Amino acid sequence: MTDRLSALASGTRFGKFASVGAVGAVFDLSLSSLLIVFFGVAGEISKLAGAELAIVVMFLINDRWTFAGAGADHLLAKGRRFVKSNLVRSGGLAVQVLVVRALGEVQLVIPVAGIDLWKLIPLPIAIVASMLLNYVAESLFTWRIAGRSSQRDSR
């Protein structure tokens with residue numbers, strides 16, 4: 001148990017994960033905002049599309065940088081990790097959609113340059129709300145780093 005906690009508490013790994021998350025947030029917020037502002041797509045649907053784009057981008061970066069050495073490098077192993085990452089992040093995505101929906105129910109309008117800013121404010125709040133859940137889940141289930149050495153496995 002101590003090995004798991006120390007592996008999860010790695011400041012370096014969490015810093016990398018958070019940095020990659022910031023890159024993912026740019027992709028997520030860009031696509032989500034574009035869909036809401038220019039195409040009138042509902043916040044929850046926009047959040048799903050933006051988050052999936054971010055998940056793909058973040059997986060590619062995390063696999064090569066944040067969790068480098070934590071899994072086999074062949075295509076099949078990468079494919080399995082990608083599928084796991086999508087499944088694991090579905091919990092964080094559910095949190096994000098719920099946050100966007102809950103905050104979207106708040107009857108508030110913040111007009112800025114002809115755009116209701118309140119429709120966009122829940123998006124970054126949702127990302128932050130799911131970050132810790134995603135870090136723990138990705139560490140334990142996608143790259144399985146907790147309690148193990150960082151050598152690549154053959155699975």
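Trainee: Where is the place of Trp118?
Mentor: This is a predicted model, in which local features need pLDDT of at least 70 and side-chain atom pairs count only at pLDDT 80 or more, while totals for chains, interfaces and linings use all residues. Residues are numbered from 1 along each chain as its sequence is written, and side-chain values use heavy atoms, with hydrogens and water left out. Helices (H or I, at least four residues) and strands (E, at least two) are DSSP runs, numbered from the N terminus. On that numbering, Trp118 sits in the loop between strand 2 (115-116) and helix 5 (122-142).

Trainee: Does Trp118 count as buried or exposed?
Mentor: Buried means under 20% relative accessible area, exposed over 50%, and partly exposed in between (1.4 Å probe, protein chains only). Trp118 has 13% relative accessibility, so the residue counts as buried.

Trainee: Which residues does Trp118 touch, not counting residues up to four places away in sequence?
Mentor: A contact means heavy atoms within 4.5 Å. With residues up to four places away left out, Trp118 touches Leu103, Val106, Leu108, Val109 and Ile110.

Trainee: How many Å separate the backbone oxygen of Leu103 from a polar atom of the side chain of Trp118?
Mentor: A polar contact is a pair of N or O atoms within 3.5 Å; within protein, one must be able to donate a hydrogen and the other to accept it, and residues adjacent in sequence count only if both atoms are side-chain atoms. For Val106, the backbone oxygen lies 3.4 Å from a polar atom of the Trp118 side chain. For Leu103, the corresponding distance to a polar atom of that side chain is 3.1 Å.

Trainee: What pattern does the protein follow along the sequence?
Mentor: The protein has 5 helices and 2 strands. Its C-alpha atoms fill a box of roughly 55 × 30 × 20 Å along the principal axes. Read along the sequence, the pattern is α-α-α-α-β-β-α.

Trainee: Among contacts between residues at least 6 apart in sequence, what percentage join residues at least 24 apart?
Mentor: The protein has 155 residues, of which 38% count as buried. Of the contacts between residues at least 6 apart in sequence, the share joining residues at least 24 apart is 74%.

Trainee: How far apart are the C-alpha centres of domain 1 and domain 2?
Mentor: Domain bounds come from an automatic or database domain assignment. This gives domain 1 (1-70) and domain 2 (72-144). Their contact takes 30 residues from domain 1 and 26 residues from domain 2. The separation of the two C-alpha centres is 7 Å.

Trainee: What area is buried between domain 1 and domain 2?
Mentor: Buried area is the accessible area (1.4 Å probe) that two parts lose on being put together, summed over both. Carbon and sulfur atoms give 74% of the total between domain 1 and domain 2, which is about 2700 Å².

Trainee: Which element gives the largest share of the side of domain 1 that touches domain 2?
Mentor: The rule finds 6 residue pairs in polar contact across the interface of domain 1 and domain 2, both residues at pLDDT 80 or more. On the domain 1 side, the elements giving two or more residues are helix 1 (2-8), helix 2 (11-39) and helix 3. The largest share, 13 residues, comes from helix 3.

Trainee: How many salt bridges are counted between domain 1 and domain 2?
Mentor: A salt bridge is a side-chain nitrogen of Lys or Arg within 4 Å of a carboxyl oxygen of Asp or Glu. The structure holds 7 salt bridges. Between domain 1 and domain 2 the count is 4.
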